[in-house]
Amino acid sequence: MGAWAFYLATIIVYGAVDAMACLALNYEFGFAGISNFGFIIFQSAGAYAAAVLSMPRAATSNGGFQQYVLGWNLPWPLPWIGAALVGGLIALPFVFLVGKRLRGDFAAVGLLVSAVLLNVLVKDYVPFLNGDAGISIVPAPFQSHWNPQALSYQFVYGGAAVVLTIAVYFLFRRLTESPYGRSLRAMRDNDIVADSLGKNLRVQRATTLVVGGMVAALSGAILVGFINLWAPGAWGYAETIVLFAAIILGGAGNHKGAVLGAILVPLGFEEVTRFLPPVANPTLVPALEWVAIGLLIILFLWFRPEGVLPERRRILSGASKKDAAAALTAPEPSGQDTDALIKLGNLDELNFRQLLRLEDIVSNHRVILSTQGLTKMFHGVTVVSDVSFEVLQGRVTGLIGPNGAGKSTTLAMLAGTLPSSGGRVFFEGKDITSMPSNERAKNGLVRTFQLASEFKKLTVLENLVSAIPNQSGDSFRGAMRGRRYWGREDKENIARAMEVLEGFGLTQYADAYAGGLSGGQRRLVEIMRALLAEPKVLLLDEPMAGVHPNLAHKIGDQLTRLAEAGMTVLMVEHELSIVDAFCDPVIVLAEGKVLAQGTMAELRANLEVVEAYLVG
């Protein structure tokens, strides 16, 4: 009975440590979309930090057979606090690996390589952390007052680990169930679009890595205080793969799924092997563990990629889960047939000036956006060359030209999502050429994209609300202050988004995932989302592409109304009937240069324009 009791206490500690680590990795990967294949670095850093902060000086302790830095012999809980701080500090350099220039798969590889290199460094540089031998005889908390080998001590230790894990669970829940958490999931789904809506990706990623790193380091500190030793062999990069397997099986983006995955994979697999009969080759069982984990990952990715406990769909509209599910299961046509049946709602009754907080038109002749010599080169090839034009406030300006003329590239440079190779961009009289895209969006220069760019795993209503600027809960600090701080404002924002959604006739899809809508519906979601970002200038990149002609003309009517209410629109469009009906003036690009500008009637009389684009 005694042996089983000690075994149970050990299981409790290991389970809490694994759950805490999986919660941290799930926060980074499942919610923020950061594939941190170097996650084990932070857990190990916490273990080493807690060890050297709690141990006495190396030269005088335990015969001096170990070499390591510090040796401050600090009492508990200072080593654990120090470990968490070290985990956060170590995370900061990795922000550069997951910034704008390196993200997605490239960032994952960079983090993985970093984990391998740091492991090699710690193994080969002995004076730092005793090299490959690692650190042993790490003092357990309160060991001078309580025997760490006593059963009561181990159960208390396990209880403390569980309590801390529960605290971490609620910490991440508070963060992810806020507007800030919505922004993290938007960044996960499409970081370029999130950036274009004013989200500061570098800050969001930095905060995510620091918080995740601190929690991972704390889990390492708890573990080293229990097992009393740590060595490089305990933190190979493969350990991170185990944690990823746990999240995939449990359910990425679900906190309970992360805990379940921790119980099933790192804890479950290791413990099950203890009950297998002995085999001749002692390395066979560990090898089979890896084979089984690999097969589990493949099977779940193939048959159930959402995991045992999928990410929870958030119903913001106030509808019951039953009603929301019923609306989603109603049969309907697909593709353009669906788009043809879309009936825009009460748009004519909406007060766009108040709803979208539009400013008064200073003058119909006021230049609000302009370019001077805008140029873009890709690997020595000039795509846009010396483009200069002006956009007047309160107008729907068209930007047309043949395929490859540089229209979308120009729009991207105006929005800042693509840096220019030369030239300047002016917005409201200010040179914004060097201003990042998220800052341009905050100042009122908002764009849409040529291809569908909805946040697929966010509901339609979440897509819209995520774009509203200056939300008090849309920051780490605001999220930590809790629902009492941002809850009332969030309800007002949801009501505002619902009003826009009703006007566009898509109320029944409020709680549907945006990725499951038809092409025309996704376009409407993108336009509504851009409008709720409160733009002064709205840059539309082929908003009518794939949209039924009837719906396209209805959208065009509303763009005209928005311009009359004070918004400025610059629209790239291939469908000339739309340009004819709604755009004045129109700018023509050809071979990366401005060919002409004026009304469509004037452009049709221009032989150069006719030969370059309007023929046929």
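**Conventions for the close-up views.** A residue is termed buried under 20% relative accessible area, exposed over 50% and partly exposed in between, with a 1.4 Å probe and protein chains only. The model is predicted: local features need pLDDT of at least 70, side-chain atom pairs count only at pLDDT 80 or more, and totals for chains, interfaces and linings use all residues. Residues are numbered from 1 along each chain as its sequence is written, and side-chain values use heavy atoms, with hydrogens and water left out.

**View A. Stacked rings of Phe37 and Phe244.** The structure holds twelve aromatic pairs, a pair being two rings of Phe, Tyr or Trp (its six-membered ring) with centres within 6.5 Å; planes under 30 degrees apart count as stacked, over 60 as edge-to-face and the rest as tilted. In the pair of Phe37 and Phe244, the centres are 4.5 Å apart and the planes make an angle of 20°. Phe37 belongs to the loop between α1 (2-31) and α2 (39-54), whereas Phe244 belongs to helix α10 (residues 238-250), so that the pair links parts of the chain 207 residues apart. Helices are DSSP runs (H or I, at least four residues), numbered from the N terminus. Phe37 is partly exposed at 25% relative accessible area, while Phe244 is buried at 6%.

**View B. Edge-to-face contact of Tyr180 and Phe476.** The ring centres of Tyr180 and Phe476 are separated by 6.3 Å, and their planes stand at 80°, so the arrangement is edge-to-face. Because Tyr180 lies in helix α7 (residues 179-189) and Phe476 in helix α19 (residues 476-480), the pair ties together parts that are 296 residues apart in sequence. Tyr180 is buried, with a relative accessible area of 3%; Phe476 is partly exposed, at 28%.

**View C. Salt bridge between Arg182 and Asp490.** A salt bridge is a side-chain nitrogen of Lys or Arg within 4 Å of a carboxyl oxygen of Asp or Glu; the whole structure contains 21 of them. Between Arg182 and Asp490, the distance from N to O is 2.7 Å. This bridge connects helix α7, which holds Arg182, to helix α20 (residues 483-503), which holds Asp490, over 308 residues of sequence. Arg182 is buried, with a relative accessible area of 5%, and Asp490 is buried at 7%.

View D. Arg188 counts as buried at 18% relative accessibility, whereas Asp189 counts as partly exposed at 25%. Lys442 and Glu439 are three residues apart in helix α17 (residues 437-442), so they are separated by about one helical turn. Glu439 is partly exposed, with 30% relative accessible area. Elsewhere, salt bridges with shared partners join Glu177, Arg185, Arg188, Asp189, Glu311, Arg312, Arg314 and Glu462 into one network.

**View E. Arginines over phenylalanine rings, and an aromatic cluster.** A charge sits over a ring if NZ of Lys or CZ of Arg is within 6 Å of the ring centre and within 35 degrees of the ring normal. Arg447 lies over the face of Phe449, 3.9 Å from the ring centre. Arg529 is placed over the face of Phe455, at 4.7 Å from the ring centre. One aromatic cluster is formed by Trp76, Trp80, Phe142, Trp146, Tyr153, Tyr157 and Phe226.

Definitions and conventions
Helix = DSSP H or I, 4+ residues; strand = E, 2+ residues; numbered from the N terminus.
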